[in-house]
Amino acid sequence: MTNNTQERFMNAPLRRHQMGSAVVRLLVTALALGASADASLAQDPEVEISWKRSDAISLEGYRFLVWVLVDQQPGRRVSFRVDVTHHGGATGDDYSLFGFRHVGPTRREQVFYWDATDDDLDDDCEWVELRLVPESPGVTASDQPFRIRIVDDDGAAVDCGWGDIPGGGGAPPGGDVGGGPLPPEPESEPEPGPGPEREPEPEPEPEPEPEPEPEPEPEPEPEPEPLPPPEPPTAAFTVTGATCDAGLCRVVTGADVTFTDTSAGTVARRSWDFDVTGGRAPSGATVRYAWSSPGFYEVSLNVAGAGAESTALRVFLVEAADPVGTCEPGPYTLCLRESRYQVRATWTHPDGEVLAGGVVHAGTNDSGLLYFPSRENWEVLVKVLDGCSYNGRDWVFLASATTLEYEVTVTDTTNGETWEYRNEPGTPSPAATDTTAFPGNCDGEPEAASAEPGTTANRPPPWTAVEDTSEGGVVAASPLLLQEGRFEVRMEWSTAEGLEGAARSARPDTVDSGLFWFFEPDNWEVLIKVLDGCWFNGHYWVYAASATDVGLDIAVTDMMTGDVRRYTKSPGLPAPALTDAAAFPNSCRP
């Protein structure tokens, strides 16, 4: 054995010992890294998420906040989801739930926004159940669900039997969960050598592992945006299914028209009015409506919120889908009775100029109004009534509150027959109650003889006007207010047979002009005006015209001075126009 061979043989145990020590160092390092990782996991506590409340009530169209709580700071980002179960016919279209589905390392709460959809469906007894489902390790969720009852604002109230839904809420359970100390590193054992050998050199101490750099602090979660402050609303709506210009929309009977609320600001309540009697006013953001009878209708949307109200208006002309005649409505042409009868008028200015009378955007299938010279100054009330069952004729009733010269023509467009009604200048216009107009328009109905239309023979005496100081007053089911509420008009009617009743004000009116009806809302009977003549003769003027032969008792009251002016006529023949240009002398005084 050479010296080199002997040297290699003698040093072999030492090299094997050094290799074993290297393995030991690797094991120690791995154990240290594992202990460090376990310590890092132990720093993230077990947390529980829960709802702040267990149930709530939500009105349609309203928003509220939904809170998720964490029992302690999680020390990391905690994610979760929300599972929704629908009950009572509820669907995802009935609400919106939006917000972050996680909680930041330093936060103990998260906020959602709940919005209940305001629809126009009568869908009572809907409710939903929300449950939290963790999506991060080390997170549990409370078994307590959050139940929300959706209260419908359409239709009558319904008992939904919600006694099984618990009420109230409570604070979520809490408690800190901590971790233990890091486990000690195991001591390394020396690898045994064969036979007696010299003492091995001591192994160098393993270099300490570098401490991990601290993770940067996470950015704080953004606070939820605050709800916008309430803002007074401004009403507005759009129309689909009708032809509209700046002043008038046109549609035919039976056609569906869609109305959509486009109001600005905070809208807590809304109501629609389609100018018809009876029925419940709808309150949905989008509604549909169809009219069954021709005429003019005023559609209004009223919205309220933030302590204020606002109203938007549009006027609709509804024409017959299957017209009887060929009348075409226009600014100076009024069509009545399913477009069968055409009404036009001319009037003469005091300087001699002949002008066309305009059509007021207010009327029914039977009744209409003409104005001259101003759209706000209604002058002629004209009606074409079906008298076939009575005497086999169609009747024309006409009343005018004017002393101007005018001529009104009524034409049956099915055969071209025309009737004319005139007033001489400077005289109160007589009323026309022509029950003999348009004979032969009622197939199979009897005809009856009557006086010629437009005659002024046997004209009744004029109105009786007195200052009223009596204790009693005229009863009115619904008084009319003119001149921005300063003058109140009440009216009673009576017949020669002893029947009597209180008149009701009709829907359309202006600052100075209004209407009353007695028997049917669509059959207007009296046109009355209170005009400001202070600039001319120091009086307010009262003008009235009745297209009826019943007796009338009219009381006009100045609500500022308390003065009352009373006008009466007996039943019988129709009276001429009332033209009192010397009423209320005290009302013009400052």
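A: Start with one pair of residues. Leu527 stands opposite Ala545 in β36. This is a predicted model, where local features need pLDDT of at least 70, side-chain atom pairs count only at pLDDT 80 or more, and totals for chains, interfaces and linings use all residues. Residues are numbered from 1 along each chain as its sequence is written, and side-chain values use heavy atoms, leaving out hydrogens and water.

Now widen the view to the two strands. β35 covers residues 524-533, and β36 covers residues 539-546. These strands are DSSP runs of E with at least two residues, numbered from the N terminus. β35 and β36 run antiparallel and are joined by eight bridges. To count as a pair, two strands need at least two bridges found by DSSP.

Next comes the sheet. β35 and β36 sit in an open sheet of five strands. Read across, the order is β33-β34-β35-β36-β39, and the pairing is antiparallel. β33 (504-505) and β39 (578-583) are the edge strands. Each edge strand pairs on one side only.

Turn now to β26. Strand β26 spans residues 405-412. Six of its eight residues are buried, so the strand is mostly covered. Buried means under 20% relative accessible area, with a 1.4 Å probe and protein chains only.

β26 has a partner in β20, residues 341-348. β20 and β26 are antiparallel, with eight bridges between them.

Among the residues involved, Glu407 has Arg422 in β27 as its bridge partner. β26 and β27 form a hairpin, and five residues lie between the two strands. In that turn, Gly416 has a positive phi of about 85 degrees.

Finally, step back to the whole chain. The protein chain has 39 strands and three helices. Helices here are DSSP runs of H or I with at least four residues. Of the 590 residues in the chain, 42% are buried. Contacts tell their own story. A contact means heavy atoms within 4.5 Å. Take the contacts in the chain with a separation of 6 or more: 63% of them involve residues 24 or more positions apart.

How values were computed. Buried < 20%, exposed > 50% of the residue type's maximum accessible area, 1.4 Å probe, protein only.
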